Amino acid sequence: MGRTDETVRSLVPARIDRLPWSRFHTRMIAALGVAWILDGLEVQIASIVGPVLQRADTLRLSSGEVGFAGTVFLLGEVLGALVFGRISDRLGRRRLFIVTLGLYLAANALTALSFGYSIFLVFRFAAGAGIGGEYAAIHSAIDELIPARYRGRVDLAVSGTYWFGAILASLGEYVLLNPRLLPPDVGWRIGFLIGPLIGVAIWGLRRTLPESPRWQLMHGRAREAERTLAGIEREVAASGGRLPPVDESRYIEVRAREQVPFTLVARTLFRDYPKRSVLGATLMISQSLLYNAIFFTYGLVLKHFYGVADHDVPKYFFAFAVGNLLGPLLIGRLFDTIGRRQMISGTYLVAGALMAVSGYLFERGLLTAFTQTVMWSVIFFIASAAASSGYLTVSEIFPMELRAQAIALFFAIAQVFGSFGPAILGSLIGEQAHPDRTRLFVAYLVASGVMGAAGVVAAFWGVRAERASLEDVAAPLSSVRRPSDRLDPGG
């Protein structure tokens, strides 16, 4: 198992959790949160350019092929999350969030050079792998470095920046897909270069970030953890932050592990924490089905059912993305004050109910492109906070040594289920001459029901992790002295 015999007593987690907010935390969020911006940018661009790629002067794709390209990107995210999540727990957070960004930059730039459907799919898969790897390493690093009292709102806000990327894509593609400015086969290619330009700009900032002291401590590098944390504390103090005294009773004793075998990962997730595993899987699968089913095909819905011109599609996406961005930003604080269980359950249930209502109005032909967008902006204002809380949940309710792998596993499970959404809905929409509202309505009802079911699971099995140290939420596998368990076990 790569386990050492030395037992270390440390206050590293307590020292991290007592830090005030500082420029260091802002810099970290700016450097790491870009992963979500890039993912939002990617998915939005793929959705917006879908109708354009059906043109005879571009790649001449069918609706099913457009949806399948989205599925391939999501499957790439699955592989990337599983592979890089394992490596992140083994080699550290910092190495991985540099490597995964590099993979994304290269693959996405090459996507812009695709002149056939097959090679287009290859590069979309590789770009997805880079983004999937980002999720595992970055969520781990953020949660391990953010003080406990800020963790919920920060995690939701970072996840919500996905929609800032979507807004950038909407604005960029509104210009790039204007046939009066650029030929259609040029505009969509330039759009796929927006993400790499952002990634290159953030590359240097990301390289200045330290390794997670929690990761170093649990892997037998206690002295490195102390040096890393001392550097963070100096930076906090230099920026004017006052360092409160450390509660000496909050120490932990650990016997480090260099590697956690797959058997122990499986045993911990499914034997020691079965209820938490069901909770995490349910939350992640439901939000993935809802978002991937709707988001990847929204451009096709606007075109085939409402007659929206290709170059006007980004205008509608812009409003939709704004609602999604504001949700986590405005609601996120409540997850730290009212509590995780109440807010997670409530947002999932309300979003599911509103989705069913909007699907009924769509099927009855009572909506226009404008009112459809308004309704979905309101729904996803709530659903965005719900989806972000799913990522927050799986990143904080399992032991530190397998945190990245847990994030990767539940992300992968969710994406496997969600990856079928774009292809299925693309086929259900049909071609422009014969769109079918009823078949699409049934799919919307399924997504609505799954969200509601997740809300019920969260109501019963949600974990009260608000304002709690990660070591209190789930004791490390390497812990010798476990912190007092003030939380419900979560089974």
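This is a predicted model: local features need pLDDT of at least 70, side-chain atom pairs count only at pLDDT 80 or more; totals for chains, interfaces and linings use all residues.
A helix's expected span is 1.5 Å times one less than its number of residues. H6 covers residues 117-145, 29 residues in total, and runs 42 Å from its first C-alpha to its last, close to the 42 Å expected. H6 is also mostly covered, with 23 of its 29 residues buried.

Now step back to the whole chain. The protein has 23 helices and three strands. Its C-alpha atoms fill a box of roughly 70 × 45 × 45 Å along the principal axes. A compact globule of 491 residues would have a radius of gyration near 23 Å, and the protein's 22 Å agrees with that. Buried residues account for 61% of the 491. Take the contacts between residues at least 6 apart in sequence: 85% of them join residues at least 24 apart.

What about the outside? The protein exposes about 17500 Å², and carbon and sulfur atoms supply 65% of that area. As for charge, there are 48 positive and 38 negative side chains, and the centres of the two sets lie 3 Å apart.

Last, have a look at two arginines in loops. Most residues other than glycine have a negative phi. Arg60, though, has a phi near 60 degrees, which is positive, and sits in the loop between helix H3 (34-49) and helix H4 (63-91). Arg467 has a positive phi too, about 60 degrees; look for Arg467 in the loop between helix H22 (437-461) and helix H23 (470-473). Arg60 counts as exposed because its relative accessibility is 61%, over the 50% cut-off. Arg467, at 46%, therefore counts as partly exposed.

Definitions and conventions. Residues are numbered from 1 along each chain as its sequence is written. Side-chain values use heavy atoms; hydrogens and water are left out. Helices (H or I, at least four residues) and strands (E, at least two) are DSSP runs, numbered from the N terminus. Buried means under 20% relative accessible area, exposed over 50%, partly exposed in between (1.4 Å probe, protein chains only). The radius of gyration is taken over C-alpha atoms; the globule rule is 2.2 Å times the number of residues to the power 0.38. Contact means heavy atoms within 4.5 Å. Accessible areas come from the Shrake-Rupley method with a 1.4 Å probe; for residues, only the protein chains shown count as cover. Lys and Arg count as positive and Asp and Glu as negative; His and the chain ends are not counted. The place of a charge is taken as NZ of Lys, CZ of Arg, CG of Asp or CD of Glu.
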